[in-house]
Amino acid sequence: MEDRTKIIAKPLFSGRKILWVGCVFILAVMCVSTADVIYSLRKTAAKSDAVVSGFRQRSRLLETLRTLMLRSALSPDSDGERAIESSDLPAAHLQANQILEQFGASLGASGDEATQQRLDDLKSSINQYWDSLPIIREQNASHPVTPPPFFRGAERRQIRHIARQIMELNREQQDRAGAQLHAEHDRLQGELLISSLLSLAVVFALIAGISYRIKTTERFAEQQYKDVVQARAELQTFAGRLEQAQEEERRNLSRELHDELGQTMAAALVELSRIESEMPQDTAAKAQLASVKSELEGSMRSIRDIALVLRPSMLDDLGLVPALKWQGREVARRSGLAVRVEADDDCESLPDTYRTCIYRIVQEALHNVVKHASATSVAVSFRSTNETLLLTVEDNGKGFRPASEKGMGLLGIEERVGRLAGLVRVTSSPDKGTTIQVTLPVPAVEREEVR
């Protein structure tokens with residue numbers, strides 16, 4: 001039985017180990033996936049911040065350039081605080097070129113040929129405008145009429161053209177920044193989708209492997225359980241046959257002691273009585289003969305008691321109920337207990353296995369009462385119905401705790417009852433006595449006769 005337990009425990013332990021490893025691996029996959037998501041989010045946020053920062057920088061440069069161009073188009077006499085003086089025009093021209101250079105440098109690798117061409121056209125337009133700006137101011141200064149706040153004619157159209165180029169370049173940068181952010185968002189979604197799919201695939205594969213292992217372990221354990229159940233059934237069958245053989249041996253030994261040895265000793269006792277009657281009175285030999293006769297009578301009583309304990313002949317000759325009542329009287333005679341036995345007379349038709357089982361249960365129960373209960377009275381009741389046989393042994397002793405103090409006697413009773421598909425119920429508590437209730441199914445033959 002120990003080897004079978006090891007065989008069963010080993011695959012169960014392996015299954016638990018695989019389950020723990022699988023759980024740890026799933027947790028590791030989840031942690032790696034979470035870390036990858038956090039890394040991707042941070043990388044995307046950094047790229048988004050870089051795109052937004054670059055867009056804002058270029059927007060400021062274009063706004064500065066637009067403001068500079070508008071200031072250059074103002075007449076110095078109309079608004080002295082905003083207009084650019086003629087002496088400052090070269091510096092303003094240089095500033096405009098620097099702004100365009102910074103804008104081109106901020107594009108970096110993100111600028112394509114169309115953007116670069118648009119930037120070159122803007123540079124050319126600004127250079128042409130700035131080269132013609134001193135001439136325009138000299139012509140306006142030569143007129144006696146107060147110059148308008150803005151220049152007019154072709155110069156004004158040129159300013160509007162440059163402003164439109166700046167706006168288009170700025171709009172293009174907005175579209176480019178939005179496209180970059182959208183592309184980064186799509187890339188992040190793709191990475192997250194791939195990472196999630198890979199994680200799910202690994203988890204599903206692991207779950208499938210664990211499920212297969214658990215199923216295999218369950219089938220193995222179920223087969224082992226069936227083997228144990230079969231072995232237990234075979235063991236119970238063997239125990240039943242062994243008990244039957246033991247009862248048969250006890251029956252034979254009891255009959256041998258009662259019939260052979262008992263009759264021989266009875267014949268010897270009769271012969272001694274005859275010899276004693278023929279001997280003269282008041283002789284030493286007659287006293288010795290009386291002593292031998294007394295010892296022989298004691299031996300005969302011992303042999304009879306042993307034969308009755310092994311297997312009372314009345315159980316086979318007279319039946320179960322007389323045997324139970326005789327057993328109650330013998331226990332009362334030897335121990336001083338008040339034993340009351342009540343049994344239905346219609347229980348005599350039970351098979352020998354049932355009669356033997358009930359007799360041995362009562363014998364073991366009374367033995368436990370005498371040995372452990374410290375009781376003054378015990379009641380034995382045996383009743384039968386159409387479906388069950390009910391045996392009850394109740395004493396008024398000191399009681400015990402059945403859950404923690406069950407001895408070999410009760411275990412033996414449970415084994416006997418279990419072989420007949422019965423139930424044992426022990427009710428007891430300290431200082432409140434003990435009640436043993438045994439319920440057995442009526443044998444099939446008995447049930448058919450009752451019907």
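Tutor: Welcome! Helix 7 and helix 8 are roughly parallel to each other, where roughly parallel means an angle under 35 degrees on a scale from 0 to 180 degrees between N-to-C directions. The model is predicted, with local features needing pLDDT of at least 70 and side-chain atom pairs pLDDT 80 or more, while totals for chains, interfaces and linings use all residues. Residues are numbered from 1 along each chain, and side-chain values use heavy atoms, leaving out hydrogens and water.

Student: At about what angle do helix 7 and helix 8 pack?

Tutor: Helix 7 covers residues 320–335 and helix 8 covers residues 352–373; helices here are DSSP runs of H or I with at least four residues, and strands are E runs of at least two. Their axes, lines fitted to C-alpha atoms over the stretch in contact, are 11 Å apart. The packing angle is about 15°.

Student: How many residues of the contact of helix 7 with helix 8 are nonpolar?

Tutor: A contact means heavy atoms within 4.5 Å. Helix 7 brings residues including Leu320, Trp326 and Val331, and helix 8 brings Ile358, Tyr359 and Leu366 among them. Three of the contact residues are polar and one is charged. The nonpolar count (Ala, Val, Leu, Ile, Met, Phe, Trp, Tyr, Cys and Pro, with Asp, Glu, Lys and Arg as charged and the others polar) is 10.

Student: How does helix 8 run against helix 9, roughly parallel or roughly antiparallel?

Tutor: Helix 8 and helix 9 pack with their axes 10 Å apart. Their angle is about 165°, and angles over 145 degrees count as roughly antiparallel. That makes the arrangement of helix 8 and helix 9 roughly antiparallel.

Student: Which residues of helix 9 make the contact with helix 8?

Tutor: From helix 8, the contact uses Cys357, Arg360, Ile361, Glu364, Ala365 and Asn368. The contact residues divide into six nonpolar, two polar and three charged. On the helix 9 side they are Gly409, Leu410, Ile413, Arg416 and Val417.

Student: What is phi of serine 374 near?

Tutor: Most residues other than glycine have a negative phi. Serine 374 sits in the loop between helix 8 and strand 2 (377–384). It counts as exposed at 60% relative accessibility, since exposed means over 50%, buried under 20%, and partly exposed in between, with a 1.4 Å probe and protein chains only. Phi of serine 374 has a positive value, near 55°.

Student: Where does alanine 421 lie?

Tutor: Alanine 421 has a positive phi too, near 60°. At 61% relative accessibility, alanine 421 counts as exposed. Its place is the loop between helix 9 (408–419) and strand 4 (423–428).

Student: How far apart in space are valine 21 and leucine 206?

Tutor: Valine 21 belongs to helix 1 (residues 2–72). It is exposed, with a relative accessible area of 52%. In sequence, valine 21 and leucine 206 are 185 residues apart. In space, C-alpha to C-alpha, they are apart by 9.9 Å.

Student: What percentage of the residues of the protein count as buried?

Tutor: The protein has 10 helices and five strands. Its length is 451 residues. The share that count as buried is 33%.

Conventions
Angles under 35 degrees count as roughly parallel, over 145 as roughly antiparallel, 65 to 115 as roughly perpendicular and the rest as oblique.
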